[in-house]
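Trainee: Please pick one part of this model and take me through it closely. Keep it plain, as I am new to this.

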Amino acid sequence: MIGHDPRPAGRIRRALRPEVAFLLLFVPISLLMMLAMPMFRVADEPAHLQRAYLISTGHILPTRETLFEPENLLSGTGMTHAAQRSLLSEPLSETLVPSTAGFNTGIYPPLSYVPQAVGMRIARLFTSSRLAMLFGARVGAWLVSTLLLFLSVRWLPRGKGALIAIALLPMLLSEVVSASADGLAIGAAAALVAWVLRLRDAPRPIGGRSWLVTLLLSVCVVSFKLLYAPLLLVLALLPPSCFATPKQRRLLCWAPPLLCAALMLGWLGLCYTGYVAGSTAEPGAGSVSTIVPQLLHVLQHPLRFLVTLLRTLLQQFSAIVLTLFGLHLGALDLTMPRSAIYASALALLAVWALEPGLSGWRCPAGRRVRIALLCAIALSVLACFLSLYLWWTPLHAGTIEGFQGRYLLPLMLPLFLALRPEGQVSPVLRRQALPVLLGLMGAIDLVIVSHVWMLTAL
């Protein structure tokens with residue numbers, strides 16, 4: 001049983017708290033996924049591991065100097081379990097080669113890689129195994145992502161079951177157990193939304209500790225992935241009753257976004273002087289020679305860009321939704337059974353329908369919350385498409401290249417909260433059906449994990 005039960009405590013078993021149910025489901029399944037997914041098989045993981053290694057060795061700030069990494073740091077791309085087992089005792093090579101971790105992952109703030117770097121350093125204290133060090137990076141990112149999701153479930157005033165169901169999506173599991181910063185971004189986005197909604201329902205004005213938590217979560221969201229900075233719009237949802245004075249409201253609502261903006265502008269300036277200004281890279285996708293013309297094209301013809309965005313959504317909508325739910329895992333080269341993915345998606349929608357929602361559109365307060373969430377989602381999606389248009393799409397292309405369903409994972413919780421229809425489901429039906437549906441999603445995840453293992457065994 002999950003959640004609060006209105007019947008007398010002496011007549012029933014004590015209800016399982018949602019955050020405890022989350023840990024019981026998420027921790028074992030995600031650890032199994034981490035073991036089933038060989039190293040380097042998650043999208044962009046090699047590039048993120050490069051950056052995490054450099055930070056673990058003290059190279060934090062952008063620099064024009066050539067940085068070096070062990071020759072075999074990333075050897076074994078496309079690894080299988082059979083090949084992985086043969087590398088258990090292989091140490092890092094003493095031969096150093098120039099690192100290619102620069103403009104691609106170098107633009108991410110170092111906070112995105114601190115958990116991975118710490119995991120690497122701890123692993124190297126106990127063993128010289130290259131594979132152990134790489135898995136240390138995964139474990140570091142997984143621990144922080146799991147903590148953020150746990151806190152999100154605990155803080156969220158309503159919709160806890162829907163958040164647990166989102167956390168059990170195969171694609172989200174795949175991202176959280178990798179060494180990339182995407183799992184951290186997912187956890188930070190959910191934590192910020194849950195924390196603000198909790199403060200909104202709190203009976204007392206916001207204190208100093210609450211403001212520090214808000215500030216920290218805001219910095220994490222922006223640092224882990226700048227594209228989701230529009231989620232800071234949820235700070236505008238805090239009503240006047242949350243503050244002692246109007247001056248305090250202006251300070252507490254505006255300070256986190258302004259501080260994040262200053263930090264990111266400073267970091268981007270460092271990245272320009274460290275990576276771009278001294279870059280000798282040949283023209284191509286992601287180079288300055290293509291980004292600047294694309295940006296000028298967007299500024300001169302914003303309507304054309306929006307038409308290109310809409311055309312991309314219409315043409316790729318089904319593929320984006322299927323990858324969001326996990327039809328293709330890893331580097332989109334591991335195809336899962338469609339029946340399992342469809343069942344997981346239907347179970348998620350059923351949980352969403354059972355969960356209590358926000359106030360309806362007819363209520364002014366509820367309408368403001370829903371509109372703010374939808375605006376934050378729309379701006380984040382726009383930022384994702386714009387970044388891909390600038391970095392990875394050829395000049396004047398008819399569609400935007402590179403958009404994947406996993407980019408929508410940090411937006412799933414606010415989307416479900418914003419679109420949940422007004423009205424409540426019978427508490428008895430919810431109490432009986434919710435554990436079954438979450439258990440079903442957990443069982444489907446085990447099927448997915450076993451399928452990943454079989455596809456990557458040899």
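Mentor: A residue is buried under 20% relative accessible area, exposed over 50%, and partly exposed in between, using a 1.4 Å probe and protein chains only. This is a predicted model, where local features need pLDDT of at least 70, side-chain atom pairs count only at pLDDT 80 or more, and totals for chains, interfaces and linings use all residues. Residues are numbered from 1 along each chain as its sequence is written, and side-chain values use heavy atoms, leaving out hydrogens and water.

Start with Tyr113. Its relative accessible area is 0%, so Tyr113 is buried. Tyr108 has 18% relative accessibility, so Tyr108 is buried as well.

Now take Leu111. Leu111 lies in the loop between strand 2 (96-98) and helix 4. Helices (H or I, at least four residues) and strands (E, at least two) are DSSP runs, numbered from the N terminus. With a relative accessible area of 34%, Leu111 is partly exposed.

Next comes Gln116. Gln116 sits in helix 4, which spans residues 114-126. At 0% relative accessibility, Gln116 is buried. Its side chain reaches the backbone oxygen of Ser112 at 3.2 Å. Residues up to four places away in sequence aside, Gln116 touches Ala52, Gly136, Ala137, Ala141, Ala179, Ser180, Ala181 and Leu184. Contact means heavy atoms within 4.5 Å.

Last, the rings. A pair of aromatic rings is described by the distance of the centres and the angle of the planes. Rings of Phe, Tyr and Trp (its six-membered ring) pair if their centres lie within 6.5 Å; planes under 30 degrees apart are stacked, over 60 edge-to-face, and the rest tilted. The whole structure holds 7 aromatic pairs. Phe22 and Phe26 are stacked, because their centres are 4.9 Å apart and their planes at 20 degrees. Back in our part, Tyr108 and Tyr113 form an edge-to-face pair. Their centres are 6.3 Å apart, with 90 degrees between the planes.

Note on methods. A polar contact is a pair of N or O atoms within 3.5 Å; within protein, one must be able to donate a hydrogen and the other to accept it, and residues adjacent in sequence count only if both atoms are side-chain atoms.
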